[in-house]
Structure formats: structure tokens, C-alpha cells
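Reader: I am new to this structure and would like to go through it step by step. Could we look at it together, one question at a time?

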Amino acid sequence: MVSAGAMSGSGNLMDFLDEPFPDVGTYEDFHTIDWLREKSRDTDRHRKITSKSKESLWEFIKSLLDAWSGWVVMLLIGLLAGTLAGVIDLAVDWMTDLKEGVCLSAFWYSHEQCCWTSNETTFEDRDKCPLWQKWSELLVNQSEGASAYILNYLMYILWALLFAFLAVSLVRVFAPYACGSGIPEIKTILSGFIIRGYLGKWTLLIKTVTLVLVVSSGLSLGKEGPLVHVACCCGNFFSSLFSKYSKNEGKRREVLSAAAAAGVSVAFGAPIGGVLFSLEEVSYYFPLKTLWRSFFAALVAAFTLRSINPFGNSRLVLFYVEYHTPWYMAELFPFILLGVFGGLWGTLFIRCNIAWCRRRKTTRLGKYPVLEVIAVTAITAIIAYPNPYTRQSTSELISELFNDCGALESSQLCDYINDPNMTRPVDDIPDRPAGVGVYTAMWQLALALIFKIVVTIFTFGMKIPSGLFIPSMAVGAMAGRMVGIGVEQLAYHHHDWIIFRNWCRPGADCVTPGLYAMVGAAACLGGVTRMTVSLVVIMFELTGGLEYIVPLMAAAVTSKWVADAFGKEGIYEAHIHLNGYPFLDVKDEFTHRTLATDVMRPRRGEPPLSVLTQDSMTVEDVETLIKETDYNGFPVVVSRDSERLIGFAQRRELILAIKNARQRQEGIVSNSIMYFTEEPPELPANSPHPLKLRRILNLSPFTVTDHTPMETVVDIFRKLGLRQCLVTRSGRLLGIITKKDVLRHMAQMANQDPESIMFN
């Protein structure tokens with residue numbers, strides 16, 4: 001017996017893996033990344049750059065560029081996300097108005113822009129100008145009467161159907177991943193799952209275009225959730241330009257966390273709310289460095305959007321409001337009631353929407369996505385047009401509901417009976433009795449509320465981009481405004497009641513119905529998403545009302561408590577479970593008293609664990625094992641008899657290593673011995689070249705003993721982001737627990753079908 005070194009005639013056997021080869025360290029589609037390994041690789045890379053930087057000036061400059069690359073990526077993400085959000089806002093504004101009419105002076109002007117440029121517009125008739133013509137005026141030269149109404153009605157429906165058809169066709173043909181809100185998938189990707197193409201260039205392009213189309217079609221959906229997806233696509237694109245991020249999936253996810261913050265920043269004009277949203281709602285791993293970078297990306301995105309000024313009011317959002325009246329302690333009771341309503345609406349929506357989406361998945365309905373979108377759009381347009389509150393865009397509706405009734409407001413909601421002797425400042429109008437317009441608006445709002453509640457259940461989850469923030473806020477704002485008007489009229493007519501006596505004197509401006517709309521919007525959004533801190537910050541950044549934080553907090557916390565009483569899952573977690581993504585929620589508690597030995601594979605009666613030995617298997621043996629199994633990796637042991645653990649080898653890296661060795665190393669054949677030790681094994685003189693693969697071996701795989709409580713194992717998987725964990729007893733390998741096994745076990749313990757986790 002001689003060593004391979006002596007046999008080959010050269011004292012030094014080539015380990016071809018001393019230099020990295022392409023694709024090592026990458027992951028296959030629908031697999032989970034190894035967070036610990038990614039972190040360790042980044043530490044090694046950083047150490048190498050630091051040591052090289054002392055060698056020459058050029059290396060020092062390269063190390064500075066590497067350090068600054070993170071901030072450059074954030075700057076680029078902020079600029080692109082802000083620009084895209086501004087373009088989307090402008091396009092939506094124009095296309096929404098296109099359903100009702102067209103501007104004669106320039107067809108690309110929206111109704112508002114058209115009337116701004118007209119010299120014949122008066123303040124009283126500011127919504128009417130000769131340059132803006134409805135379709136009936138343009139086609140049959142009639143602005144009033146039944147025929148004009150029917151023609152405008154038909155044009156509204158036709159434009160809505162055209163926009164929706166274009167959107168669903170583009171998604172279906174070019175980018176199937178551009179549908180939905182994208183937040184459930186982004187949460188899953190940030191937790192370490194790979195979904196190739198989900199954040200690709202085609203998805204970015206198609207999602208941006210179709211988002212404009214679907215919001216303009218008048219469907220009950222918003223652009224805020226999809227804007228997070230759009231921003232993350234920007235983040236993915238820019239991170240692929242820098243090797244620091246493109247070659248490390250863990251570092252890439254830090255960029256995506258910051259991009260999500262920029263997305264919310266431009267969606268709501270709320271940079272701080274965006275950072276908190278990313279931290280509270282979507283991110284899995286959020287170190288302090290990512291917090292600063294998220295803040296910077298959100299700041300740049302908000303600044304870019306402000307420079308574009310899409311709404312022409314120097315604000316970042318359409319529904320910016322200012323209230324002039326403080327709130328009073330007695331009003332906390334209706335605010336908490338709105339919180340209860342938000343929690344109940346959230347529960348109802350999640351249950352009904354998930355039931356409908358499950359039906360879509362399991363029946364023939366799912367085979368006709370285009371037909372479904374067309375049908376829902378047609379029903380929405382037919383029912384929405386007669387009611388002015390459902391005909392206008394949802395953002396405009398929320399803006400009108402949030403508004404305080406000033407002296408210059410022309411909305412029906414502000415049709416109060418004025419006292420002719422009133423001489424008060426313009427922004428301090430006292431409470432007044434409701435006029436006919438307010439009562440008409442109340443029943444129209446009630447009908448609009450029922451319609452929104454029902455239609456949103458069927459709209460969210462269709463094969464088009466669809467956000468949930470705006471429809472949820474609209475439901476809450478409508479309920480809140482109605483409650484606000486009710487409280488206002490009660491205070492006006494019964495100001496001598498004990499609850500009003502101390503703070504609501506006759507002639508005072510006591511109750512602000514717009515504030516109730518704002519609180520209701522926060523409550524409903526909180527009930528659906530289960531957000532709390534970030535929700536309150538987003539709402540007060542939206543409205544600029546710092547003194548209304550307490551009502552918002554009271555409503556947000558109440559809605560979360562009420563919704564949690566019926567089920568802990570928010571809408572995004574519910575969709576993650578529906579789609580079977582391998583997501584270990586940090587918020588879930590595991591309290592069952594099971595052990596690692598109860599969950600590990602192989603179980604009793606199952607074939608033994610597939611393992612590699614450190615120096616006795618041939619290349620052919622390993623290739624056969626890879627072909628016959630679909631495991632992501634294999635434990636490496638000293639020998640099948642001892643079962644003493646050496647390390648863990650990833651399937652993908654074994655395949656790549658063997659393929660590269662056959663191409664680059666002479667003498668590697670099917671019966672070459674593969675070894676994972678430092679020194680080659682003793683081999684007969686006529687043996688072919690052995691293949692050394694120590695470089696791809698993980699020498700410190702995470703292990704637990706067979707008596708470790710599953711509570712601890714689940715915690716380890718969550719906090720360290722493991723793919724798998726090996727189970728040993730006294731150093732001997734017993735089995736393996738994968739993330740999939742943990743999720744199956746958790747589903748089983750919660751009395752759910754463990755096979756409902758449809759991975760891969």
C-alpha cells in the first residue's frame with residue numbers, strides 16, 4: 001500500500017478547490033439559504049480585504065469602495081423607487097380621469113391639471129371647465145339627461161375592462177410573479193427562501209406598468225403593497241451590480257430589507273414609518289447597520305418623490321390633512337369602538353379571503369384568471385358608477401373622508417346648515433346641524449362601505465398586482481366618518497348631557513369627523529395586517545397630526561387585541577401558509593413538550609440515513625447516491641460502523657465539485673476514491689487519482705442531542721436561520737432535522753395537515 005502522493009510521482013496532490021470555481025456557494029430555486037455560512041463567508045471576505053488594504057494604495061482605495069458600496073446601493077434604490085412611485089402616481093391620476101372624460105387642450109392632462117391651465121375656471125365651479133369634456137359631451141354633444149348618463153356609464157365600464165384585461169394579460173404572458181401584493185413572498189425571501197425571478201427585471205417592469213392599469217381600472221385595491229415589491233426589485237437589481245451583495249445571499253437580504261423601507265416611504269410619504277414597517281412586518285434579520293441604511297434609502301426615496309411632486313400640493317401623499325381641534329378624553333370611547341370594528345373586519349376579511357383563495361387554488365376557477373379578473377372588474381364598475389363615493393378613486397375617497405370641513409369645502413359631507421350671524425375665523429367653524437347633503441352622504445357611504453367590504457374579499461389575490469392598504473383604510477375611513485358625524489350631531493343636539501357638558505359648549509368646534517375617519521382607517525388596517533407601532537407612525541406621518549397619536553394608538557392596539565382573539569395570523573402570514581412557503585414566524589410560540597428524537601429523520605421503520613464516509617466512497621458511489629435521493633446535503637461520517645460525525649456536504653456543491661474535477665483534473669474517473677480528510681487515504685499502487693473535497697465540507701455543522709426539547713430546536717432554527725440540524729448522541733450521528741421537518745411538526749402540533757406545507 002502506498003500513498004496517493006507517492007503513487008502520482010509528485011509529492012503534492014492538487015486540490016483543485018483551492019481556487020473557488022463558478023456557482024459554488026449559490027443555491028437552487030425554492031431552497032433555503034444557510035445564514036450562518038453566508039455570515040461566515042462575508043466575515044472571511046472582509047478579513048481578506050482588510051489585510052490586503054495594507055499592501056498598496058490601490059488595495060486601500062478598493063477597500064474604501066467596498067465599504068461605501070452599501071451606501072451607494074441605498075442611494076440608487078431610493079432614487080429609482082422614488083422616481084417610479086412618482087411616475088405611477090401621475091399615470092394613475094391621468095388614467096383614472098380618462099374613464100370619465102378627456103382634456104381638449106392636452107389629452108395627457110388629468111381633470112385637475114386641465115382645469116388649472118384654463119383661464120375660464122371660476123372658484124365656485126372649479127371642477128368644471130370648458131377644456132375638460134365628459135365622453136357624452138365629446139361623442140354626442142350632451143352633458144345632461146339620461147342618454148348622456150348612460151353613455152358615460154358605458155364608457156366608464158369599457159375603460160375599466162380594457163385596463164384590467166391589459167393588466168392580467170401582461171402579467172400572465174410576461175411576468176406571472178408580478179401578481180398579488182408581493183409582501184408575503186418578500187417576507188419569505190427575507191427569511192432566507194430563494195424564489196428566482198420573483199425580484200427580476202421583467203417582474204419590475206411588468207409590475208410597474210400593470211399597477212398603473214389595475215389602480216386606474218377602479219378595482220378595490222391599492223398600490224402601496226405592490227410598491228414594496230417594486231422597491232425590492234430595484235434593490236435586487238442594484239445589489240446584483242456589486243459582488244459583495246450578488247455573491248452573498250445573506251448580504252443581499254440586508255439590501256432588500258432597506259428596499260422594503262424605501263417602498264413604504266414612497267407609498268405613504270412616511271420615511272420613518274417605512275423603516276419601522278420593514279423592522280416590524282417584513283424583515284427576518286435586521287442588524288443595526290441595516291437600520292441606518294434603511295433610514296437613508298427611505299430618506300432618498302421620499303426626497304425624490306417630493307422633487308417630482310406628483311400631487312401638486314408639495315406633499316408626499318394625496319390625503320394630507322390638518323385638524324384645528326384637539327381631541328377630548330370622552331372621545332376615547334368611540335375611538336376604541338372603531339378599534340373593535342377594525343379587529344372584527346380584519347378577522348372577517350382574512351377568513352373569507354383565504355377561503356376564497358383556497359377555493360381558487362383547488363377548483364377549476366383557478367384555471368381562468370383572465371375571466372375572473374374581467375368578471376370582478378365588470379361587477380365592480382357596474383355597481384361603483386352610480387355611487388359618487390365608489391366611482392372616485394379610493395385614494396380620493398380617503399382624502400375626502402379625512403378632510404375637516406372648512407369654509408371653502410364643496411363636498412356633500414360638509415353640507416351643514418350655517419348660522420347667518422356667524423362671524424368666526426375660517427378654520428374654527430363651530431359644530432352645526434347636518435343638512436340634506438350630509439344625510440344623503442351618510443346612506444351613500446353606508447352602501448359604499450358594504451360594497452367595499454364584499455368586493456375587496458374577492459379582489460385581493462387575483463392574478464394582478466393588488467395591494468390591501470388602501471381598501472382597508474377606505475373601509476375604516478367610511479365607518480369612522482359615519483361614527484364621527486353621529487358623535488358630532490349628538491354633541492350639537494345634546495350638549496347639556498353630562499359627557500358633553502364639560503367640553504362641548506354651544507357654538508364651539510368640538511368634534512372633528514375627519515379625525516374619526518383617520519382613526520377608523522388605522523383600526524381597519526391594523527386588524528388586517530396586525531401592525532401596531534409602524535402603523536401609528538405611518539398614520540401620523542400621513543396626516544401630520546402628532547397630537548392625535550393617543551387615539552391612533554388606542555385604536556391600533558384594540559383592533560390587534562380583538563383580531564388576535566380570533567386568530568394570531570395577519571393577512572400576509574395567512575397567505576404564506578396558504579401558499580406553503582417555508583416561513584418560521586418569529587411571533588409564533590411553540591409550547592409543546594416534544595424532543596428532537598420525535599421529529600428527526602429517519603423514523604422507526606424508515607430506511608437508514610444517507611451518509612458519505614470520509615475516505616472510502618468512489619465518485620460513482622456518490623453520483624449514484626445523488627441520483628437516487630433528492631436531499632439537499634449529506635452528513636459525512638468516519639465510517640458506516642462508527643457513525644462518528646465529521647461534517648456536512650451540500651448536494652449542489654458535491655455535484656459542481658465532481659463536474660469541475662472531471663473537467664479540470666486529470667485522472668479523475670468513476671472509481672476514483674473521494675476523501676474529505678487532510679491527508680489522502682492509503683491506496684493500492686494502480687489506483688486512479690483520488691479526489692480531495694475537504695474545501696466544500698462544512699466542518700462545524702449545527703448539532704443537537706436527541707434529548708434536546710423541540711422548543712429549543714425551533715428557537716435555534718428561527719434565530720440562526722438554519723437549513724438543517726444534525727442529531728447526535730455521544731458524537732454518533734442519529735438523524736437529521738430540516739426546516740421542513742420543523743414546520744411539519746409545528747403544523748401537526750397545531751392540529752393542521754402537515755402535508756399542507758407544499759414546498760418546492
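Reader: Which strand is joined to strand 10 by 2 bridges, and do the two run parallel or antiparallel?
Author: This is a predicted model, and what follows describes that model. Strand 10 (691-692) is an edge strand, which pairs on one side only, and within the pairing M674 has L691 as its bridge partner in strand 10. The strand joined to strand 10 by the 2 bridges is strand 8 (residues 673-675), and the two run parallel.

Reader: In what order do the strands of that open sheet lie?
Author: The sheet is open and its pairing is mixed. Its edges are strand 5 (617-618) and strand 10 (691-692), each of which pairs on one side only. With 3 strands in the sheet, the order is 5-8-10.

Reader: How far is the C-alpha atom of M674 from that of G544?
Author: G544 is found in the loop between helix 22 (533-543) and helix 23 (549-566), where a relative accessible area of 45% makes G544 partly exposed. Along the chain, G544 and M674 are 130 residues apart.

Reader: How many of the residues of strand 6 are buried?
Author: From strand 6, the residues G633, P635 and V637 point one way while F634 and V636 point the other way, and all of these are buried. Strand 6 (residues 633-637) is therefore largely enclosed by the rest of the structure, the buried count being 5 of the 5 residues.

Reader: Which strand does strand 6 meet in the antiparallel sense?
Author: Strand 6 has a parallel pairing with strand 4 (residues 612-613) over 2 bridges, and there T613 has V637 as its bridge partner in strand 6. In another pairing, P635 has F648 as its bridge partner in strand 7. That pairing is antiparallel and has 5 bridges, and the strand that meets strand 6 in this way is strand 7 (residues 645-650).

Reader: Which feature does UniProt place at residues 600-666 and 697-755?
Author: The span of residues 600-666 is 36% helix and 22% strand, and its end C-alpha atoms lie 41 Å apart. The record is an unreviewed UniProt entry, and the feature that it places at residues 600-666 and 697-755 is "domain: CBS".

Reader: Which residue does C103 join in a disulfide?
Author: Two cysteine sulfur atoms count as a disulfide when they are within 2.5 Å, and by this rule there is 1 disulfide. C103 lies in strand 2 (residues 101-103) and its partner in helix 4 (residues 111-116), so the pair ties together parts that are 11 residues apart in sequence. The link is right-handed, with 75° about the S-S bond, and at an S to S distance of 2.0 Å the residue joined to C103 is C114.

Reader: Is D42 buried or partly exposed?
Author: D42 forms a salt bridge with R45, with the closest N and O atoms 3.3 Å apart, and the two are separated by about one helical turn because they are 3 residues apart in helix 2 (residues 35-52). A residue counts as buried when it is under 20% relative accessible area, so D42, at 15%, is buried.

Reader: Which residues are linked with D42 in a network of salt bridges?
Author: The salt bridges of the model number 23. One of them joins D42 to R45, and the residues linked with D42 in the network are R45, D66, K251 and E254.

Reader: What area does the nonpolar surface patch that includes L64 have?
Author: L64 lies in helix 3 (residues 57-98), and at 41% relative accessibility it counts as partly exposed. The patch is made by L57, W58, F60, I61, L64, L65, W68 and V72, and its area is about 860 Å².

Notes. Residues are numbered from 1 along each chain as its sequence is written. This is a predicted model: local features need pLDDT of at least 70, side-chain atom pairs count only at pLDDT 80 or more; totals for chains, interfaces and linings use all residues. Side-chain values use heavy atoms; hydrogens and water are left out. Helices (H or I, at least four residues) and strands (E, at least two) are DSSP runs, numbered from the N terminus. Patches are made of residues with over 30% relative accessible area and no salt bridge: like charges are joined within 9 Å, nonpolar side chains (Val, Leu, Ile, Met, Phe, Trp, Tyr) within 5 Å. Accessible areas come from the Shrake-Rupley method with a 1.4 Å probe; for residues, only the protein chains shown count as cover. A salt bridge is a side-chain nitrogen of Lys or Arg within 4 Å of a carboxyl oxygen of Asp or Glu. Buried means under 20% relative accessible area, exposed over 50%, partly exposed in between (1.4 Å probe, protein chains only). Two strands pair if DSSP finds at least two bridges between them. UniProt positions are given in the numbering used here, feature names are shortened, and annotations may be inferred rather than shown by experiment.
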